[in-house]
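Me: Please take a close look at one part of this model, the ligand site, and then at the strands of the sheet. I would like one connected account that I can follow with the structure open.

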Amino acid sequence: MSRYQHASFMTSAARPGQFVPDRGREVAFAGRSNAGKSSALNAITGRRGLARTSKTPGRTQLVNFFSLGSDARLVDLPGYGFAKVPETIRRNWRHLMQAYFSQRSSLSGLLVVMDCRRPMSEGDRQMLDLARQAGCPAHILLTKADKLSRGKAQAALLAVRRQLEEAATVQLFSALRGTGVAEARGALDDMLGFKKRAPETE
Ligand code: GDP
């Protein structure tokens with residue numbers, strides 16, 4: 001069983017004062033609303049109901065912390081880029097993200113989930129910038145890869161790879177098919193400092 005299958009919900013924070021203690025290492029998941037972030041978290045942890053898909057995109061401004069045991073965590077950041085969100089909520093999102101990225105010494109990596117048909121939105125670039133400023137590596141999941149032909153998915157992958165600066169990696173992913181789950185766990189292992197294990201013990 002993979003470590004990720006032991007993920008358990010810790011808390012939801014609506015403001016920085018509610019973040020869990022800043023110990024050990026954590027990797028944050030970011031993504032535009034509806035990109036497939038909750039589905040990716042659920043596929044990687046193998047826990048269908050771990051991250052709940054929101055009924056009202058962009059309105060749930062919570063940072064959700066999940067424990068992987070021994071001071072390692074996955075963090076679900078609120079989605080962005082939903083057109084109908086009022087300015088007050090947008091401002092709150094910016095404040096929460098700035099606080100999160102500037103305060104967390106345990107932040108060891110950022111995973112950005114992008115719909116492979118609409119990658120690298122303005123919000124996605126902002127998240128990559130925040131990661132760069134915080135000095136942490138970024139890994140991109142181009143999800144819903146099942147929606148594209150093999151050729152088009154490869155082309156999307158290469159196009160994003162060409163736009164990236166150093167310290168960011170990118171892969172194709174499909175929560176629906178389970179494509180890329182092992183590769184995503186490998187990227188998380190690197191960022192969380194987990195030692196590689198023999199595949200048969202996963
Ligand atoms: P979030 O808002 O980023 O958390 O997105 P969700 O995980 O709630 O997914 C948004 C929508 O995309 C839902 O209808 C999902 O069923 C769908 N979805 C998510 N991942 C995939 C995928 O890999 N393939 C396909 N075909 N649909 C997906």
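Reply: What follows goes through the ligand site and then the paired strands.

This is a predicted model, in which local features need pLDDT of at least 70 and side-chain atom pairs count only at pLDDT 80 or more, while totals for chains, interfaces and linings use all residues. Residues are numbered from 1 along each chain as its sequence is written, and side-chain values use heavy atoms, with hydrogens and water left out.

Around the ligand there are 16 residues, of which Asn34, Lys37, Ser38, Ser39 and Asp146 come nearest; a residue is counted here if one of its heavy atoms lies within 4 Å of the ligand. By class, this shell consists of three nonpolar, eight polar and five charged residues, where Ala, Val, Leu, Ile, Met, Phe, Trp, Tyr, Cys and Pro count as nonpolar, Asp, Glu, Lys and Arg as charged, and the others, Gly among them, as polar. Helix H1 (residues 37–45) supplies the largest share of the shell, three residues; helices (H or I, at least four residues) and strands (E, at least two) are DSSP runs, numbered from the N terminus.

Turning to individual atoms, a polar backbone atom of Lys37 lies 2.7 Å from an oxygen atom of the ligand, and a ligand nitrogen atom is 2.7 Å from an N or O atom in the side chain of Asp146. Taken alone, the ligand exposes 580 Å², and the protein buries 73% of that, with accessible areas taken from the Shrake-Rupley method with a 1.4 Å probe.

In the sheet, strand S2 (residues 25–31) is largely enclosed by the rest of the structure, because six of its seven residues are buried, meaning under 20% relative accessible area (1.4 Å probe, protein chains only). Strand S5 (residues 107–115) is mostly covered, with nine of its nine residues buried. S2 and S5 run parallel and are joined by six bridges, with Phe29 partnered by Leu111 of S5 and Val27 standing opposite Gly109 of S5; strands pair if DSSP finds at least two bridges between them. S2 also pairs in the parallel sense with strand S4 (residues 72–76) over five bridges, where the partner of Phe29 is Asp76.

S5 in turn runs parallel to strand S6 (residues 138–143), joined to it by six bridges, and Leu111 stands opposite His139 in S6.

Methods:
A polar contact is a pair of N or O atoms within 3.5 Å; within protein, one must be able to donate a hydrogen and the other to accept it, and residues adjacent in sequence count only if both atoms are side-chain atoms. Buried means under 20% relative accessible area, exposed over 50%, partly exposed in between (1.4 Å probe, protein chains only).
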